[in-house]
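Take a look at the model below.

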Amino acid sequence: MHLFRPSAERGTFDHGWLKTAHTFSFGEYYDERHMGFRALRVINEDVIAPGEGFPSHPHRNMEILTYVVRGALEHRDSMGSGSVIRPGDVQYMSAASGVYHSEFNASKTEECHLLQIWILPRAQGGKPIYSEAHFVRDSRRNRLCPVASLDGRGESIAIRQDVVLYASLLDQANSVEAPVTEGRHFWIQLIRGTLEVAGREMRPGDGLAGSGGERLILTAKEDSEFLLFDLA
């Protein structure tokens with residue numbers, strides 16, 4: 001059995017400087033039917049206006065990943081970390097016992113489009129961590145590229161939860177098979193393009209969840225970009 005989460009049913013807000021869509025309950029958007037999936041707690045798709053962003057604010061006990069689709073995002077935090085991330089970059093912050101950070105569109109002329117992901121940690125507390133990695137286009141093209149994982153497999157960022165996050169750029173008519181085994185679970189989040197999965201057509205912003213133990217093929221009906229979460 002699959003759970004389909006249509007893009008149009010997400011919680012959406014237009015704050016002028018920020019256009020956002022929440023796959024799961026977040027902030028002003030609450031839906032008791034959509035509080036997360038397994039350890040996956042938040043998928044927010046944000047478009048930030050030029051020069052705008054989120055002033056310094058606190059987090060704790062959350063694994064936070066940011067995936068930039070378009071534009072550039074400037075990060076600063078209380079650990080002393082600071083950088084600008086762009087498409088192909090994945091940013092990781094383990095808020096752990098507590099951290100303050102800010103995120104601003106680094107451009108004064110272009111929008112920044114990103115996905116921010118929150119994952120519940122395996123344990124509370126600990127020392128906050130910041131990390132980032134760049135994944136070249138060819139590493140994600142027509143394959144599933146691990147970008148974050150508990151064991152830091154390949155070139156992925158090591159995080160504090162039993163999750164493997166894959167990113168993919170799938171050309172039209174190409175397919176990949178999800179490596180989700182019996183006893184594991186998956187969430188697919190489509191960013192752009194059109195995917196056919198298990199007889200269902202997915203459009204940008206759609207999410208699809210289910211359990212392993214079946215052969216799951218993802219086929220691009222047009223050039224597509226998506227994230228795949230393999231969850232305990």
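Strand 15, residues 163–170, is mostly covered: eight of its eight residues are buried. This is a predicted model. Which residues of strand 15 are covered on each side? On one face sit V163, L165, A167 and L169.

Now see what strand 15 pairs with. Strands of a sheet pair through backbone hydrogen bonds, and the pairing is either parallel or antiparallel. Strand 13, residues 145–149, is joined to strand 15 by four bridges, and the two run antiparallel. Within this pairing, S149 has V164 of strand 15 as its bridge partner. Strand 20, residues 217–231, is joined to strand 15 as well, by eight bridges. That pair also runs antiparallel. Here L170 has S224 of strand 20 as its bridge partner.

P58 stands opposite Y100 in strand 10.

Stay with strand 10, which covers residues 99–105 and includes S102. Is S102 buried or exposed? Its relative accessible area is 12%, and buried means under 20%, so S102 counts as buried. What is S102 in contact with, leaving aside its neighbours within four places in sequence? The contacts are F54, P55, S56, E74, H75 and R76.

Finally, look for open space. Rolling a probe the size of a water molecule over the atoms shows where empty space is left. The largest pocket holds about 300 Å³ of space. Its lining is made of 18 residues. Nearest the centre of the pocket lie L18, H22, F26, N44 and F54. F54 is also one of the contacts of S102.

Which strands each supply at least two residues of the lining of the largest pocket? They are strand 3 (18–22), strand 4 (40–48), strand 5 (53–59), strand 10 and strand 11 (112–119). By type, the lining of this pocket divides into six nonpolar, nine polar and three charged residues.

Notes:
Residues are numbered from 1 along each chain as its sequence is written. This is a predicted model: local features need pLDDT of at least 70, side-chain atom pairs count only at pLDDT 80 or more; totals for chains, interfaces and linings use all residues. Side-chain values use heavy atoms; hydrogens and water are left out. Buried means under 20% relative accessible area, exposed over 50%, partly exposed in between (1.4 Å probe, protein chains only). Contact means heavy atoms within 4.5 Å. Two strands pair if DSSP finds at least two bridges between them. On a 1 Å grid over the protein atoms alone, a cavity is a set of points where a 1.4 Å probe fits but cannot get out, and a pocket is an open set with protein on both sides within 12 Å along at least five of seven lines; lining residues have an atom within 4 Å of a point. Grid points are joined across faces, edges and corners, and a volume is the space filled by probe spheres set on the points. Ala, Val, Leu, Ile, Met, Phe, Trp, Tyr, Cys and Pro count as nonpolar, Asp, Glu, Lys and Arg as charged, and the others, Gly among them, as polar.
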